[in-house]
Amino acid sequence: MTLGRLRRSRRRPTPSAGSDAHPVAAGTRRRAPLLLRRGLGLVAVLLILEYGVLPQIAGARHALTLLKGVDPILLGVGLLLEAGALLAYSLLTREVLPAASRPPVRTLLRIDITSLGVSHLMPGGTAVAAAMRLRMLTGCGVRPTDALFSATVQGAGSAVVLNVMLWMALAVSIPTHHGNILSVIAVSLGLALCTAAALVVLAVTRGQRPLIRVLRAVAAWIPGVRPDAVEDEIRTITGRMRAFGADRCRLARATSWAAANWLLDAASLGVFVAAFGHLVDIVGLFIGYGLANVLAVVPVTPGGLGIIEGVLVPSLVAFGSPRGVAIFGVISWRLVNFWLPIPVSAMTYLSLRAGPLQHHPTRERLG
């Protein structure tokens, strides 16, 4: 009996050294499923509220009337406009990437759809999607520094364009519409974001030496990060930002694609509302759309789920849309804008894995 126990004890696997050597990584792996479950639970609750509770506000009989009278042609046009908004965003991605390492537009479109679907799955999914997007870009042959530079310029520039367009719409609406506290909050938040973006650009392009000293000091305290590599990356990004700003034609094209992305997305919303029988005032449409997207920057819910709907519906009603029409128009638009990219992103990711990501391995890593 003692000999048998001794043999069994010898057969027991011993803990690997890697599990003790990397407790942080192991803890991260254990927390990831928990975060995913919580995120999916939150999405489920918001899904019930959005598609179960909101339609009840419109009234059962009125809802049936609206659904029977919906125009399928306009629904198709709204879908095409949303696809055009995604294409415009991918063309913006192409414009901010250096010409020498630009993947084809069809590849960039699949990368953007994949990252968009990931960002809609969990709270804070934008950060996960951004990391995944950088990895896919580098996997398709883009240098990591180029991918990081393009993501920074694209994200900050697109936000600035949205806020400028919102301020223009608010300025146009002042003579005919009264402002509200929501507008003040959204404009203040947008101003803060634009100011932060401007300060970052000034720090990188004008105050390079102080910024490098600060980042080197921070990098010295981070294990595995070399201060020299951080300084090299900052100097490279600084040079590219100056070159990008000096190229007026390229800057104009990038700004145009950013504006087209927002305008096509807003137009898609307007067409979905029109499909239920009401033409939205153009200025009111973009004010509501701009307010919703500015407030959705705060990563409380994945993709601004619940926030965008909660701002859009009362905003459209305030500018003359019937409540039932506003509710069903926003819901149908969000089915295409928020939910459709999730299953489509799975297919686009598989196509990338079978194509560009398989044939173009990552060439280098960030410092």
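1. Let's begin with Ser-321: its relative accessibility is 4%, so Ser-321 counts as buried, the cut-off being under 20%. This serine is found in the loop between H14 and H15. Please keep in mind that the model you are looking at is predicted.

2. What is Ser-321 in contact with, leaving aside its neighbours within four places in sequence? The partners are His-278, Val-280, Leu-316 and Ala-326.

3. Now step back to the whole chain. The protein chain has 17 helices and zero strands. Of its 367 residues, 41% count as buried. Among contacts with a separation of 6 or more, 75% come from residues 24 or more positions apart.

4. Next comes H15, which covers residues 323-339. With 17 residues at 1.5 Å a residue, H15 should span 24 Å, and the 23 Å between its end C-alpha atoms agrees with that. Along the way, H15 bends by about 25° at Trp-333. This helix is mostly covered, with 15 of its 17 residues buried.

5. Trp-333 turns up again in the largest nonpolar core, a group of 46 residues. Trp-333 is one of the residues with the most contacts inside this core, and Leu-269, Phe-286, Tyr-289, Leu-312 and Leu-316 are listed with it. Helices H5, H8, H11, H12, H13, H14 and H15 each supply at least two residues of the core. Another core, of ten residues, lies apart from it and includes Ile-111, Cys-140, Leu-352 and Leu-357.

6. Which residues is Leu-312 in contact with, once neighbours within four places in sequence are left aside? They are Leu-269, Gly-288, Tyr-289, Ala-292, Val-330 and Trp-333.

7. Finally, see how H15 packs with H16, residues 341-354.

Notes:
Residues are numbered from 1 along each chain as its sequence is written. This is a predicted model: local features need pLDDT of at least 70, side-chain atom pairs count only at pLDDT 80 or more; totals for chains, interfaces and linings use all residues. Side-chain values use heavy atoms; hydrogens and water are left out. Helices (H or I, at least four residues) and strands (E, at least two) are DSSP runs, numbered from the N terminus. The expected span of a helix is 1.5 Å times one less than its number of residues. The bend at a residue is the angle between axes fitted to the seven residues ending there and the seven starting there. Buried means under 20% relative accessible area, exposed over 50%, partly exposed in between (1.4 Å probe, protein chains only). A nonpolar core is a set of buried Ala, Val, Leu, Ile, Met, Phe, Trp, Tyr and Cys residues joined through side-chain atoms within 4.5 Å. Contact means heavy atoms within 4.5 Å. Axes are lines fitted to C-alpha atoms, for helices over the stretch in contact, and angles run from 0 to 180 degrees between N-to-C directions.
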